[in-house]
Amino acid sequence: MNNKVHFKTNILLKNIIGKDLITDDNVAVLELVKNSYDAGSKVVEIRFGNVVQNNDFEVDMPDSQSSRIVICDQGCGMDYDGLVNKWLNIAYSEKKENNRLNGRRQAGNKGVGRFSCDRLGKTLTILTKMAGHPCLRLTIDWRMFENENAQNEEIQDVTFDVQEVTDQEARHIIGCPSFEHGTVLDIGLLRERWTPEKIIRLRRDLEKFIDPNSVFVTDSFQIELLAEEYKGYDQEQAYETQCVNGPVRNKIFEQLDFRTTSISSYIDRDGKFIITNLQDRGREVFELKEKNIYPHLRNVKMMVYYLNPYSKRYFRQQTGFSSSDFGSIFLFINGFRIPPYGDQGDDWLGIEKRKSLGFRRYLSTREVVGRVEINDEKDDFMIISSRTGVVNNNAFIELSKEGAPYGFFYKGFRRLERFVVEGIAWDKTLEKVSEDGIGEEKYLIDDFSRDKRILSVIRKIIDVDESNIDYLHINEEFVREILDAQMAQTTANLEGVVNELANLASNADPEAVEAFKEKLQGDAEEMNKLLTVVGRLAPESTEINKLSRLLTEVEKTKQEAEDKEHLLEYEREARLKAEQEKEDLEKRLALEKEKNTYLLTSSRSMSEDAKGMVHNIKIIANSLHAKISLLYKKVRKDRITKDEQLKSLSQMLFQIDKALKISKLITRANFKADSEDKMVDVVAYISQYLDIYSEIMEDANIEIVKNIKGITFVRKVSVLDFAVIFDNLISNAQKANATKVLVDASKTDDKLTLMVSDDGDGLDERFVGMEESIFELGVTSTDGSGIGLNTVRSVLNDMGGNIAYIGSGKIMKGATFKIELS
Amino acid sequence: MKKCILVIDDSDQSDVLENLALDAEDKGIELEWFQFNVGGRLEPTLLTAEGKIDTEKVKEEFKKRFGGKTFQLIACDWELNANDIDGVTLLRRIGRACYLEDTPRMMYSGLLNQKLLDALKRAESGKLKNDDFVQYIKNLVNAHYVDFVDRDDLSKTILRHLEDDESLGLIILETLKSMPEMVFATTHDHNLEGKTFKEVAELFEKEKRVRNDLKRNIVQEVIYFLTHKQGKKRI
């Protein structure tokens, strides 16, 4: 027994790494295209021959009538050693040892790409030529590995012949004028039927396989599809993209740049920073440089385009198929696509899963297209051998994790999402977008509002700690355009409002001003928001000062509008109240009129004098009413002394005298009884009163002499009180048989002194030695019918004056009284 | 029940007020009354040389005579025998300075109806400008008086008012003034802590905030007290 044993490689291994491993024809073609790329070829032709009509079922080995796919490149080709020891060496890949060959980063590295040929056809003929070496031909019949009964047959037991062919022979086989170097894979007896639709699907996949930006910008690589049999088919197609023949191009992303909103985010080669750039309709909104927080990621770029209904329409116009048929976010590693990531129905990033959680405002794969490009120099990403995806290692998790902490893709994707949702308000496009491509793009909000909203939410969109930001650059032109537009709009509004305010009628509706105010308020708020945002994001902008000045102007006008509004409101309220009052009064008047037409009429016809008299009489009557009522109550309650009764009664008498006086004076032209207390020249009034005394007092038979010239003494007094006081004094004189009364006035230190003396009999003898008692309550010096000197003194006291008895025979032979007023 | 009122008039109203006091007595109200004669000949010191009302002097005199008093009502004559100023204006001018803002006020006139009709007629005939008429009515409407009465109805209107509910603010103020030496030990409002009732009363009159806060706190305390068996008294 041999102790040393080893694996045996059964011939069926070919199936496992060949047609069973590569499960998709398009992936198989791509693997072969990748090999051409890795070989340094600038062009690769994929020719389909006899795919419509062939003799496949009639022949064992393909001939000129058999179906075939010929993949032809002008790469470095292989020499004998390369062909036999490398190409035929399963799982051997130079690319594993050296990922840069032929001036290119190598796309494949598993060493199994060559078995893709098995997937495509039953036979393979390789023609390969290295520059300076002979052209070699190797034919493989894959069917020879498919004998399932050959249990002991190993893969290396099947042998093939390698032949040298002349250049001329090679050119004839290939159908090219020259063949200096390169490899031609002639795959015969195809396993699938390649219809135009299938080839077009391949074309689209190839388009997607090719990273349009990172690889071929500086290093051209062209893929061309050729199928003679379908040229007639192509002529019937409306769009280039629906044709079978022609070069494979991927210009979709470039064109989308001008139509959509996109975000690109790039982790630099050193893995230190992430540079993010957000574009809106071909214009940069901001560029952000922040610290990279993903230790396993470097030299990685993500780019996502948001497709609104218009962009989708444009996409369809340009490509002939819908964006959702195209796919969503593709992954490119070292320039080639990793399928099925991004294909329709594939959700490698969990975008759809996230959307289905019920968050209406998340973007779905139907609304975005984009790519993630990885230049994987250190093999951080491991592509699964079946070419269907990437191993879920740390690097891949950092790239794709959905959920906090979010992976690199979502960091950018969520910014785009926030921009779309909050910045440009995605739901503000018109719902119905015609698919015929006719008509302008129409949005529910105008460009200006849209831009302002964008500016205001930039911070929110970025959503990163200040400490992580290296720099943030907001497009100055973008900011300036917004500020200019705001200023233009506000200035126009302001001018309008100022004019309107100036022309506003005094009885205008305050609501009219409210509208102006709201307009200005809106502008002010917008400007404040802008100032805050711009002040933070672009503090160096020269427009800020202009905007601030305008804002002050707006605030001022707003205040004016507010004042105006208040005034109008006040006036309106007053108007309404007055109208209401007036209405009420009119109602009451009408009611009164109905009730008592006579009284109303006489009231209206009363003269001013009569009104004044009524007023005075009313005051006197009220006073009398109060006094009598009080007297009545006090007597009833037994709470009044005799003195108090006398005082009350004499006060009543005084009031009655006043009433009588009015009735006498009212006919006098110079007597105005409109109010009780009046500012009058007391001396002049007394003088005038004494002049008319004999006329108004019918029984007066007495001469009154005045000595009061040149004295003025203005005070607020009750003229009626004075009249009654003088009546009383003169009446007393008459009762003492006087025929003459002398009134002498003098004024010292703002004090008026009136000396009243008569030529009568003087004071009754009873009062000699107790003259002051004549001023006591209830005492009468005459017949007791008058108001009494007590009341006279009391009235004078009330007006800040006094009266005193001086004596008899002091001036004239009768009594003399001194009245003082200050 | 003790009540105190003030009547502002240009002429002597002592008879009317004495009458009123007797009527109030019949209703079980012990009425203390004061009158303040403004505008007439009875108080010449409150007038200017031209016989007009000197508002500053009125304020001064008011504070001097009635500064410490709490009135349940101030009744004021509309016509104060002064062409430049009426009762509404006078109260407006002295109201704040004399802390009358919380005190209910009543306006009366012997010619109320007549004056209103005159004003209306003058407005209708264009003699009175619309704006002035509006202001005239507005002053009456906005002055927050408890009543407008005809002079004839003054007594019974005052009496009716005295029988009505009293304002909480006045009850508090009266209580504070009746026990000036007592001290606020703890309150919700720390600004009042340690202050005497007298000091609080002064603040209560001067500062609307104190007035409102104290009223609210007292009500809250009382409600707490009324709704808890072991109500803890904190004021």
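Mentor: Let's start with a term: two residues are in contact when they have heavy atoms within 4.5 Å. Keep in mind that this is a predicted model, where local features need pLDDT of at least 70, side-chain atom pairs count only at pLDDT 80 or more, and totals for chains, interfaces and linings use all residues. Residues are numbered from 1 along each chain as its sequence is written, chains are lettered from A and ligands numbered from 1 in the order in which they are written, and side-chain values use heavy atoms, with hydrogens and water left out.

Trainee: Which residues is L399(A) in contact with, leaving aside its neighbours within four places in sequence?

Mentor: Among them are L297(A), V300(A), L331(A), W348(A), V372(A), I374(A) and F409(A).

Trainee: Which residues have the most contacts inside the largest nonpolar core?

Mentor: A nonpolar core is a set of buried Ala, Val, Leu, Ile, Met, Phe, Trp, Tyr and Cys residues joined through side-chain atoms within 4.5 Å. Buried means under 20% relative accessible area, exposed over 50%, and partly exposed in between (1.4 Å probe, protein chains only). Here the largest core has 77 residues, and F286(A), L331(A), V372(A), L399(A), F409(A) and L455(A) have the most contacts inside it. Helix 17 of chain A (residues 510-537) gives the most to this core, 10 residues. Another core, of 56 residues, lies apart from it and includes Y685(A) and F713(A). Helices (H or I, at least four residues) and strands (E, at least two) are DSSP runs, numbered from the N terminus.

Trainee: Is N55(A) buried or exposed?

Mentor: N55(A) has a relative accessible area of 8%, so it counts as buried. You'll find N55(A) in the loop between strand 1 (43-49) and strand 2 (68-73) of chain A.

Trainee: What does the side chain of N55(A) make a polar contact with?

Mentor: A polar contact is a pair of N or O atoms within 3.5 Å; within protein, one must be able to donate a hydrogen and the other to accept it, and residues adjacent in sequence count only if both atoms are side-chain atoms. For N55(A), the partner is the side chain of S66(A), at 2.7 Å.

Trainee: How many salt bridges does the rule find across the interface of chain A and chain B?

Mentor: The rule wants a side-chain nitrogen of Lys or Arg within 4 Å of a carboxyl oxygen of Asp or Glu. It finds 7 across this interface. One of the salt bridges joins K637(A) and E25(B), with the closest N and O atoms 3.4 Å apart.
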